[in-house]
Amino acid sequence: MEFAEIIKGMRKKSEIIFLDFNQIPQNIEDYKNIKLFFEECIKKGINPKLPENRQKFNNIFINKSGKKFLIGRYLEDRKEMLKGSKIAEDGRTYHLGIDIFSSDLEDIYSPEDGEIVRTGCEPGSHSYGNYIIIKHITKDKTWYSFLGHLSKDFPKLGKVSKGQKIARLGDWANNENGGWSRHLHYQILTQLPKENETPIGYTSKENLNLNKNLFPDPNTTLLLPNI
């Protein structure tokens, strides 16, 4: 099945950003090496995790590579990136979605026909911020698109068409996107979360197989090459 692009141009203008420090290729260019960026920031007394600093790194990567988007992968172990957070303390460091980082506040489109069944805002820093859940039914199978880190301009609940514009990326100002550099967190759900709850975005290694079934690989929908 050919799904619509959630962000226009993402399939032809993307490159992987390695957020697992142990998987960064040895011959990678310095401007693509986020571990090196973290080390240099710490030497200068700069917090590399602040969204404005991460955004500077992303912008340089995007501009120098000639791409438009950076892709953070599904099931990537981000323990170094998450060090010091509650998520890391809980041992949940394996990423259950795919992240699409950008320089601009891109428009977001529905990957398939469906129904927007929930919109909300998760409070606090390092949260999902504004999010949308879309219910889809394909070949008699029900599944859900979860889209996080959006702007505050929510769409109305109800039916949406494949390729229809539904939102745009949020910024970190006023905690619109949960306090992150500009990116979309896209996750597939097999079950709708309870009211006023959001899906976990990370899993522990012990629960990896269980959560792989609850939150399948989003690239079956995104169809991004070479990830």
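The side chains of tyrosine 202 and arginine 78 are joined by a polar contact of 3.4 Å. A polar contact here is a pair of N or O atoms within 3.5 Å; within protein, one must be able to donate a hydrogen and the other to accept it, and residues adjacent in sequence count only if both atoms are side-chain atoms. The model is predicted: local features need pLDDT of at least 70, side-chain atom pairs count only at pLDDT 80 or more, and totals for chains, interfaces and linings use all residues. Residues are numbered from 1 along each chain as its sequence is written, and side-chain values use heavy atoms, with hydrogens and water left out.

Tyrosine 202 belongs to strand β12, residues 202-203. Helices (H or I, at least four residues) and strands (E, at least two) are DSSP runs, numbered from the N terminus. With a relative accessible area of 11%, tyrosine 202 is buried; buried means under 20% relative accessible area, exposed over 50%, and partly exposed in between (1.4 Å probe, protein chains only). Leaving aside residues up to four places away in sequence, tyrosine 202 touches several residues, among them Leu82, Ile87 and His95, where contact means heavy atoms within 4.5 Å.

Helix α1 spans residues 34-43, and its buried residues are Ile34, Phe37, Phe38 and Cys41. Seen down the axis of α1, these fall within an arc of 100 degrees, so they line one face of the helix; the arc is that of the directions from the helix axis to the C-beta atoms. Their cover includes α2 (51-65) and α3 (79-82).
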